[in-house]
Amino acid sequence: MTVFNTPSLEYGALLPILIVFIGAVIGVLVEAFVKPSMRRFVHSLLTPAILVVALFQVIANRDTVTTTAAIGSVVIDGPVIIAQGSLLLLSLLALLFLLDVDSFAPEASALPGSEEEKRAIAAGKQQTEIFPLMLFSVSGMMLFPAASDLITLFVALEVLSLPLYLMAGLSRRRRLFSQESALKYFLLGAYSSAFFIFGAAFLYGYAGSITFPEIRNAVIASAGNDVILLIGIIFVSVGLLFKVGAVPFHAWTPDVYQGAPTPITGFMAAATKVAAFLATLRIFYTVLDGAIWQWQPILTGVAIITMAFGSIVAISQRDVKRMLAYSSIAHAGFLLAGVVAFNKEGLESSLFYLFAYGVATLGAFGIVTLIRDGQGEVTDLNRWAGLGKKSPAMASLFALFLLAFAGIPLTSGFIGKFSIFSAAYQGGLQSVVIVGVLSSAIAAFFYIRVIVLMFFTDASDSSVSVTLPTRRSSIGVWSAAIVTVALGVLPTSTLAFITDLAIFAR
Amino acid sequence: MSTLTILGILPLIGALIVATLGKSDARRAKLVAFATSIITALYAIVVAIGFQIDRPGFQFVESREWIPAFGITYGVGVDGLSLVMILLAVILVPIVILAGWDEAEGGRWSAKTFYILILILETMMIGVFAATDLFLFYVFFEAMLIPVYFLIGGYGSGERIQAAVKFLLYSLFGGLLMLASMIGLYVMANDQIGKTFDISALSRLEMSSTTEHLLFLGFFIAFAIKAPLWPVHTWLPDAAKSATPGTSVLLLGVLDKVGTFGMIRYCLELFPNASKTFTPFIITLAVISIIYGAFLAIGQKEIKRLIAFTSISHFGFIVMGIFAMTTQGHSGSALYMVNHGFSTAALFLVAGWMIKRRGSSLIADFGGLQRVTPVMAWSFFIAGLSGLALPGLSSFVSEILVLVGTYTRYPVAAVIGGIGIILAALYILIPVQRTLHGPTAPGNENLADLNLREKIAIAPVIALIVLLGFYPKPALDLINPVAETTIAKSGFTDPAPTVGSERR
């Protein structure tokens with residue numbers, strides 16, 4: 001008779017993920033049992049508390065690095081600790097904006113413009129499921145880079161994605177637009193999941209195992225040259241590249257970024273990138289490293305196209321959220337440079353870049369939530385003209401974030417760009433570096449154009465000004481700004497912290 | 001904190017004080033900014049007196065760890081060349097503030113912001129010349145663009161925004177190419193000697209000639225855009241025309257010198273072999289700049305654009321002197337950088353006053369100023385004569401040194417460049433004749449002459465032009481040792497003088 005041993009789960013290492021997950025479940029219970037008028041208040045205490053507790057647990061786990069947990073399906077190593085820490089910090093920052101403005105639909109199930117919706121508005125309702133959804137998504141993101149077999153990876157991918165599809169459709173204003181974007185995101189996401197699982201099946205067929213270490217051994221044994229393996233690599237890559245928004249799998253990015261409620265866009269842009277890139281790095285660095293000659297040229301090409309395409313197309317955008325979406329595509333290209341670099345510097349610089357970019361992105365989208373007229377947010381760039389005169393502080397901070405995206409020295413973006421390009425150069429990919437700096441030059445053009453618009457163009461009648469930022473948004477925007485400058489001027493301790501921890505367990 | 005750090009921080013403190021003032025308190029902002037820049041200039045002069053001419057290498061050195069993860073240090077120090085450039089910068093700033101006392105009015109933002117930007121810019125100018133760490137240099141090199149961008153776009157005239165954007169994009173493009181080269185150097189340093197950005201350590205790197213050529217080009221293009229050299233000069237006339245006269249003085253007088261300074265300090269020292277390979281090509285570009293700038297200057301109808309094109313011609317001379325790879329050429333170029341700074345400052349400041357009084361910047365709108373406003377006319381005249389390198393005025397010494405230094409190695413280039421001197425007479429004397437002499441043009445009859453403040457502002461510039469023309473020794477003493485060591489480090493020797501038939 002077969003003896004079943006109870007699987008050991010190493011709860012300590014898994015605790016941060018579990019805390020967030022349980023927090024999300026409690027959030028659902030809050031939705032079920034707390035009366036509507038109190039829900040928002042309860043969530044506003046519960047959600048940050050959960051994130052903070054999880055963050056403390058991540059910090060406590062810092063010293064017990066490199067544990068495999070849950071019978072080898074999860075690995076908690078240095079990069080995961082950093083990724084989870086970044087994710088929690090970014091989520092806390094995103095939460096400041098999420099809690100602040102009424103960005104979410106009063107009742108998502110009501111038809112846009114229907115009587116039902118009007119009643120919901122009159123009753124002062126606002127969908128509060130957003131908070132448990134966000135926690136579910138965060139728990140998936142925290143698991144994604146830690147996954148150590150294909151099934152866990154896929155489950156984590158779905159756990160992080162499904163809530164995002166929903167959240168994208170919950171915008172309070174322009175609801176049809178938001179729902180359209182959510183549907184697009186969902187359909188394309190479903191396709192990419194299908195590709196991913198298809199590729200995973202091939203990898204399993206090739207290696208005879210779903211765990212990363214055994215796939216790795218199989219890849220090394222055959223020197224990576226096998227059609228089934230190549231098909232597996234390609235389709236798994238498609239799934240991952242879709243999540244990071246790399247060309248040619250980027251098509252969802254502008255629509256979803258534009259349609260989703262702005263605080264969600266910020267959260268998505270910052271946090272999803274961290275999770276998806278860390279998982280990508282893990283797979284290419286520790287699982288498929290034996291097949292580097294097969295995937296490196298392809299990914300190099302993708303990186304180059306992504307950088308160039310994102311920068312060039314962003315020039316013609318007239319909507320600030322779309323512009324930031326294309327800029328995020330360009331940044332995905334820069335981050336891919338860290339992936340193809342295939343060295344320790346590549347991992348370190350990616351970790352730094354992801355955090356620095358995430359903070360600046362949240363700051364920028366945070367400001368977008370504040371630029372509004374009577375109808376809600378104004379994202380048409382033409383109407384941002386003269387913002388520098390009406391709201392100098394917010395315009396200056398937005399300019400700061402744009403300069404950080406452009407990689408001007410003394411901002412975090414410069415240190416990030418410098419480190420990631422030197423990693424790529426070190427990896428022998430001079431072509432990526434050259435295309436990278438040229439795309440940065442192109443990208444600078446549209447960042448500067450927005451600065452011109454805000455500071456040097458006179459306000460017209462249709463111009464907007466900032467609604468008075470409330471305390472939470474102010475804290476959010478200002479702390480993002482402080483981190484952006486601090487990481488640009490004195491990045492030493494952060495870099496040292498990353499260098500110590502950034503070693504993948506194999 | 002070392003002396004240089006204190007020097008760099010002084011303007012920043014002034015900027016902070018200005019920032020605390022009330023928004024409408026333009027007068028006090030001006031006074032604080034002016035006082036700060038005077039204190040900075042005096043302190044710089046004190047530092048300069050303490051500089052030991054005979055000692056080779058950098059002085060007043062300070063080096064602290066900044067970002068050890070990349071081997072980046074906060075490293076500052078000066079040799080003769082950088083000291084001269086810093087002096088040029090800190091002397092010009094108070095003059096600019098005094099000369100353009102009401103310059104900030106009519107800008108998009110308050111006068112307060114204007115002076116904060118100027119003072120931040122001063123800190124960065126000191127930093128860019130004092131840096132001995134390539135990364136630190138780059139940070140100043142790029143960050144400097146932001147205050148200038150806002151100075152042009154916010155306080156200029158005409159199509160100031162387009163000009164500001166053009167300036168920024170050109171410079172950023174060059175800067176990013178330089179970043180790629182810098183990363184290349186860093187990675188090679190990491191392989192060979194460990195992570196560092198120290199210039200002297202980097203200059204000892206071994207690299208293949210292809211790599212060296214490519215990295216050299218990254219740096220050179222960035223500096224050529226900054227300097228600016230034909231064919232990447234097109235941002236300069238627009239920027240100079242649109243910026244306030246004071247900003248133009250700092251832009252052409254100091255910021256553009258970062259380009260030529262960078263060629264000497266970085267291109268030649270880090271990539272001596274590549275410099276040798278590209279010399280004929282660069283000399284050709286320099287000669288084209290000389291002639292092209294001169295011809296276009298002759299054709300200009302607008303005073304500020306004219307001065308900008310004369311500068312392109314002069315930068316051609318400076319670059320030619322640098323890449324002639326002789327000590328005379330180098331000394332001449334370095335001295336030229338200083339002289340050009342002062343004579344352009346004089347030209348721009350007086351032109352600015354003329355334009356402000358007349359309300360037009362077209363040469364055709366002026367005439368007979370000699371009678372109406374004698375002091376202003378004479379100042380313009382002397383500044384112009386310095387621009388055409390009249391013997392006895394400062395530019396003459398440097399131009400001769402450059403031509404002599406170039407002739408020993410590239411006689412053809414020197415001869416063609418020499419034509420630039422003749423053209424200079426044309427592009428200076430024609431506008432001088434049209435604006436200052438002849439019958440008083442309509443609309444010029446009631447122009448006011450320079451007031452006391454303006455006289456005080458222009459006097460030291462003209463005094464320096466004359467002084468350095470008759471007695472350039474103090475500047476040359478600082479510059480010559482640097483020229484000799486740079487030439488030696490790049491592996492060149494001065495061609496032996498040949499006499500008569502001995503010449504091949």
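First, the ground rules. This is a predicted model: local features need pLDDT of at least 70, side-chain atom pairs count only at pLDDT 80 or more, and totals for chains, interfaces and linings use all residues. Residues are numbered from 1 along each chain as its sequence is written, with chains lettered from A and ligands numbered from 1 in written order.

Chain A has 20 helices and five strands. Those are DSSP runs, numbered from the N terminus: helices are H or I, at least four residues, and strands are E, at least two. The C-alpha trace spans about 70 × 55 × 40 Å along its principal axes. Of the 506 residues of chain A, 61% count as buried. Buried means 20 or more other C-beta atoms within 10 Å of a residue's own; exposed means 12 or fewer; partly exposed is in between; C-beta atoms are placed from the backbone.

Now the interface. Chain A puts in 23 residues, chain B 24. Contact means C-beta atoms, placed from the backbone, within 7 Å. On the chain A side, α17 (412-426), α18 (430-456) and α20 (492-501) each supply at least two residues. α18(A) gives the most, with ten.

Last, A:Asn343. It sits in the loop between α13 (320-341) and α14 (344-370) of chain A. A:Asn343 is partly exposed, with 15 other C-beta atoms within 10 Å. Beyond neighbours within four places in sequence, A:Asn343 contacts A:Ala423, A:Gln426 and A:Gly427. A:Gln426 is 83 residues away along the chain, yet the two C-alpha atoms are 8.1 Å apart.

Methods. Contact = placed C-beta atoms within 7 Å.
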